[in-house]
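These notebook entries set down what I looked up in the structure. The contact between the two chains comes first.

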Amino acid sequence: MAAPMLRWWCLGRRWVLACIDGGSRHGRGAAIGFTSSRKRGQTSVAQQPLITSQKSRKGEHEWAAVVGLEIHAQISSNSKLFSGSRVHFAAPPNSLVSFFDASLPGTLPVLNRRCVEAAVMTGLALNCRINKKSLFDRKHYFYADLPAGYQITQQRLPIAVNGSLAYSVCVGKKPSRVITKTVRIKQIQLEQDSGKSLHDELRSQTLIDLNRAGVGLLEVVLEPDMSCGEEAATAVRELQLILQALGTSRANMAEGQLRVDANVSVHHPGEPLGVRTEVKNLNSAKFLAKAIDSEIERQIHELENGREILNETRSFDYKLGCTMPMRDKEGKQDYRFMPEPNLPPLLLYDTESLPPGADPQQVINIDWIRERLPELPSETRERLIQQYGILPEHSFALLNEVGLLEFFQNVIKETRAEPKKVTSWVLNIFLGFLKQQNLAVNESPVTPSALAELLNLLDRKAISSTAAKQVFEELWRSEGKTPSQIVSEKQLELMQDQEALERACHTVMEGHPQVVMDVKRGNPRAINKLIGLVRKATLSRADPTAIKEILERKLSP
Amino acid sequence: MLGRTLREVSAALKQGQITPTELCQKCLSLIKKTKFLNAYITVSEEVALKQAEESEKRYKKGRSLGDLDGIPIAVKDNFSTSGIETTCASNMLKGYVPPYNATVVQKLLDQGAVLMGKTNLDEFAMGSGSTDGAFGPVKNPWSYSKQYREKRKQKPHGEKEDSDWLITGGSSGGSAAAVAAFTCFAALGSDTGGSTRNPAAHCGVVGFKPSYGLVSRHGLIPLVNSMDVPGILTRCVDDAAIVLGMLAGHDPKDSTTIQDPVKPFTLPTLTDVSKLCIGIPKEYLAPELSGEVRSFWSKAANLFESEGAKVIEVSLPHTSYSIVCYHVLCTSEVASNMARFDGLEYVLGDKEEEPLRTVSQNVNIGQKCHRCDINVSTEAMYAATRREGFNDVVRGRILAGNFFLLKENYENYFIKAQKVRRLIANDFVKVFNSGVDVLLTPTTLRGAAPYLEFIKEDNRTRSAEDDIFTQAVNMAGLPAVSVPVALSNLGLPIGLQFIGRAFCDQQLLKIAKWFEKQVQFPVIQLQELMDDGSSISEIEKLASVSLKH
């Protein structure tokens with residue numbers, strides 16, 4: 001435990017009491033997603049010194065926080081970990097339950113190959129050592145949504161160990177700097193999901209839905225190498241992207257495919273780690289950082305006031321914005337682990353150890369999976385920077401939204417516009433519209449081709465950028481029309497006829513002698529008024545730069 | 001006809017000497033007559049008659065499915081049977097009707113076998129007497145045999161005959177009694193520490209425990225997953241081999257079964273035993289071993305030796321630790337396996353007051369187990385359900401098992417027991433590697449005990465005592481078979497056990513078959529069970545039945 005502490009200590013990460021407010025403010029700032037805080041370059045690193053000096057002279061001591069995470073990712077597979085039942089979100093209650101899932105006596109687990117491959121892929125992507133032999137164990141506890149009275153997991157010898165996850169935070173405003181941090185991964189284990197208990201307070205009954213019971217989970221254990229909510233949230237976000245790139249989990253937090261529990265403790269730097277609490281069920285990205293920061297704040301507050309931290313399980317109350325002890329988890333559980341006798345050891349092979357003549361259906365070759373790993377988010381970002389010369393923070397932004405990168409690449413393919421121009425349009429205008437209407441990329445009324453065509457019109461100066469925005473709005477509203485159609489219908493194309501433009505300028509100058517006089521008197525704003533009048537006269541179809549040029553020529557003495 | 005072996009009656013069916021329906025009806029009527037034996041918990045009469053009818057149609061069309069087509073069989077009530085109540089002789093599972101067949105049951109049905117019913121056992125197969133089930137004890141058919149009655153008449157307190165009936169041994173006592181009383185031609189038992197071999201020895205039938213992993217456990221309600229094996233009870237070794245041929249092989253639903261395909265086989269007749277090496281483990285000469293059994297054991301060894309086989313004394317030094325080691329491993333797995341019986345799942349119906357039930361009733365699985373009426377809290381309900389549903393033996397084992405699995409005890413008990421288990425298994429490996437083909441041992445310490453005598457000790461004591469020769473085999477996953485040898489002075493059957501190398505089940509049965517032929521174990525004479533004289537004479541004729549192939 002001393003090692004990780006030293007590490008972040010060297011990095012200069014410290015929690016100071018007052019910093020906590022900053023931390024939780026972050027949580028609020030990051031309400032939409034972590035993108036926004038990154039783009040703005042607001043990180044706790046940047047803010048800490050400021051806040052330190054600002055507040056609280058109460059405790060002279062500095063506090064350091066230690067955060068570790070246990071992340072459960074539902075494996076994306078057609079069937080469950082040990083049974084043939086289908087896996088599907090939001091199916092009618094108890095419609096996806098096999099005899100095994102309901103733990104009918106006499107049923108036995110049969111390991112799903114796809115889930116094992118997903119675990120190996122994830123392990124490789126997270127730089128883990130893949131154990132060629134791993135074991136399954138039973139973890140016992142009585143709960144209504146755990147029909148067997150035990151969960152099959154990998155307690156003693158998990159499938160993957162000793163990995164690492166690199167995540168980046170952008171620091172400072174323009175130009176921002178990308179800092180890469182690493183959190184060690186203790187292990188990845190395969191295990192069963194439980195069913196769901198739905199408490200009906202009104203009729204004081206509990207309803208059980210076993211659709212989720214037995215779905216394959218990857219439990220990813222992150223070492224306590226993080227020191228605040230934002231770091232944890234960023235690491236989780238990176239893991240989410242990796243899982244999605246691999247296709248091993250849909251990792252949608254809202255649908256419960258990614259669930260995070262955090263272990264949080266605080267201590268004075270240089271002293272032993274404090275008593276930790278476990279914050280459970282951080283089921284939305286929105287509240288992850290907030291919950292951790294508020295728990296850190298609470299612990300410091302307790303200690304500052306001479307109280308003790310209990311080793312307990314707490315849950316985050318998003319309405320109150322703080323963590324609360326979980327009543328039903330009180331009392332120490334002894335899970336009475338024991339080897340799962342119905343599953344032989346899980347053996348994996350590499351090309352070297354593959355038994356000759358082995359049936360490919362019966363064995364899993366780690367090397368084969370490694371060779372077929374898709375591009376990981378960090379590699380994609382690097383490629384985008386290299387290939388299109390875009391800014392690092394833009395590479396993050398492009399990956400942060402599901403489908404956005406694909407959209408971007410499809411636009412790039414069909415347009416002559418500069419990649420930087422495309423990036424700007426995709427990240428500012430397109431994404432802005434999506435956010436405003438709370439839509440996903442694949443729900444966008446504007447197709448990549450339409451945006452590409454629009455950018456082409458802009459690129460060859462057929463329309464002004466103001467007109468381009470107008471066309472975009474039109475595209476968003478009325479599906480089915482092409483940008484060219486909109487441009488011609490609304491007569492938005494730029495006037496290419498230099499003579500006509502000259503005439504228009506002349507007419508405006510003649511009609512507004514007072515303004516012309518103002519310009520000549522040296523009023524710098526007067527020319528803009530003239531430009532506006534010409535634009536109005538040309539129904540905004542003239543390029544303001546060209547108008548300005550003509551006017552200046554005509555007005556020059 | 002009922003007295004014949006499976007192979008003989010199969011030949012009779014093929015030759016049209018009897019139809020499957022006639023055979024089924026004969027068995028059903030005998031089951032009724034022998035109801036007092038309490039061998040069956042459920043008699044599936046309707047299903048059986050329907051299956052027999054279908055079999056008959058096949059025979060008429062000349063499309064018999066094979067040796068098992070139309071053969072009445074029985075299945076221990078801890079194997080799941082689709083649509084037929086499966087109780088494990090426990091209140092916890094009373095009324096539970098599984099929606100699926102155990103793989104072994106399905107395989108038998110696929111071969112055309114006719115299921116007569118589900119046989120009695122100790123609750124959840126925990127016991128060695130078939131005396132500790134929710135449906136009462138099983139009575140040993142030999143209690144009513146001419147052989148035993150004649151010996152007992154010489155005794156002074158002969159008048160109170162009925163209170164003096166004998167236990168069958170267990171836990172597959174119902175299956176052993178069903179086969180011994182001619183109500184079926186083969187029965188499935190289960191064997192975790194000797195539960196097939198022990199009652200087989202007491203009931204004078206063949207009890208075979210296959211190698212662990214040779215036969216699927218899917219659908220067998222577990223006692224100890226790492227030791228459970230479906231067992232086969234028949235009237236001769238050949239029949240056991242026929243049934244094994246139908247059951248053995250990989251099951252995609254049981255990951256612990258062997259991958260290699262196993263083909264059905266006919267057991268060859270061994271004529272020469274001179275190349276065999278028979279091992280006699282010296283540790284099996286227990287002080288409690290009765291003089292009679294000991295003498296049969298040594299006679300058997302002499303028999304092999306006289307026929308030219310090499311008979312040597314061998315050592316299995318860790319044998320004495322087997323029972324205590326088994327106690328830890330068994331109770332631990334029991335604690336785990338019984339956790340699912342919490343009274344919660346799949347309570348169907350419209351009981352609004354139910355504290356917990358499933359959201360929808362889409363899943364037509366039915367209530368899995370007993371539930372109490374308490375609804376103070378979920379925990380209180382768990383506790384009361386389990387107190388009401390399990391007997392003392394089961395609760396005792398759950399309690400012990402949970403103790404051994406506690407974090408502070410795990411290393412000292414469970415891990416140690418696993419290590420000892422490895423040593424015990426290695427003992428066998430060493431002996432077999434030294435050139436021994438099979439081991440010859442007693443199956444039980446003595447003949448079947450009278451019920452009143454047996455229940456003087458508790459279940460735990462009896463299990464520890466009775467599993468002494470059979471239990472180590474389960475630790476090592478080896479095949480073993482108990483073959484009836486002779487009758488004791490009291491006129492009761494005595495069995496001897498052969499233990500083979502892992503997955504050399506056929507070789508083991510081949511030697512057992514040779515031995516069986518030499519000893520000519522007498523047929524049980526059940527005059528008092530049979531009303532009409534014809535059955536008796538049929539049974540007595542048995543020795544003269546010959547095969548016409």
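Predicted model: local features only at pLDDT ≥ 70, side-chain atom pairs only at ≥ 80, totals over all residues.

Entry 1, the interface. I searched the interface of chain A and chain B for salt bridges and found zero, a salt bridge being a side-chain nitrogen of Lys or Arg within 4 Å of a carboxyl oxygen of Asp or Glu. I then looked up the polar contacts between chain A and chain B, and the count is 15 residue pairs, both residues at pLDDT 80 or more. A polar contact is a pair of N or O atoms within 3.5 Å; within protein, one must be able to donate a hydrogen and the other to accept it, and residues adjacent in sequence count only if both atoms are side-chain atoms. On the side of chain A that touches chain B, the elements that give two or more residues are strand 4, strand 9 (205-209) and strand 15 of chain A. Strand 9 of chain A supplies the largest share, five residues. By class, the residues on this side of chain A are 26 nonpolar, eleven polar and five charged. Here Ala, Val, Leu, Ile, Met, Phe, Trp, Tyr, Cys and Pro count as nonpolar, Asp, Glu, Lys and Arg as charged, and the others, Gly among them, as polar.

I also noted the extent of the interface. In contact (heavy atoms within 4.5 Å) are 42 residues of chain A and 53 residues of chain B. Chain A and chain B bury about 3700 Å² between them, with 57% of it on carbon and sulfur atoms; buried area is the accessible area (1.4 Å probe) that two parts lose on being put together, summed over both.

Residues are numbered from 1 along each chain as its sequence is written, chains are lettered from A and ligands numbered from 1 in the order in which they are written, and side-chain values use heavy atoms, with hydrogens and water left out.

Entry 3, sheets of chain A. Helices (H or I, at least four residues) and strands (E, at least two) are DSSP runs, numbered from the N terminus, and two strands pair if DSSP finds at least two bridges between them. I found an open sheet of three strands in chain A, in the order 5-4-15, with antiparallel pairing. Its edge strands are strand 5 (150-153) and strand 15 (338-339) of chain A, each pairing on one side only. Strand 4 (residues 137-140) of chain A is joined to strand 15 of chain A by two bridges, and Arg138(A) has Met338(A) as its bridge partner.

A further open sheet in chain A has nine strands in the order 2-6-7-10-1-11-12-13-14, with mixed pairing. Strand 2 (129-130) and strand 14 (322-325) of chain A each have a single partner strand, so one side of each is left without a neighbour in the sheet. Seven bridges connect strand 7 (residues 177-192) and strand 10 (residues 216-226) of chain A, which run antiparallel.

One joins the side chains of Glu117(A) and Arg113(A) (3.1 Å, N to O). I also located a cis peptide bond between Gly170(B) and Ser171(B), with omega about 15°.
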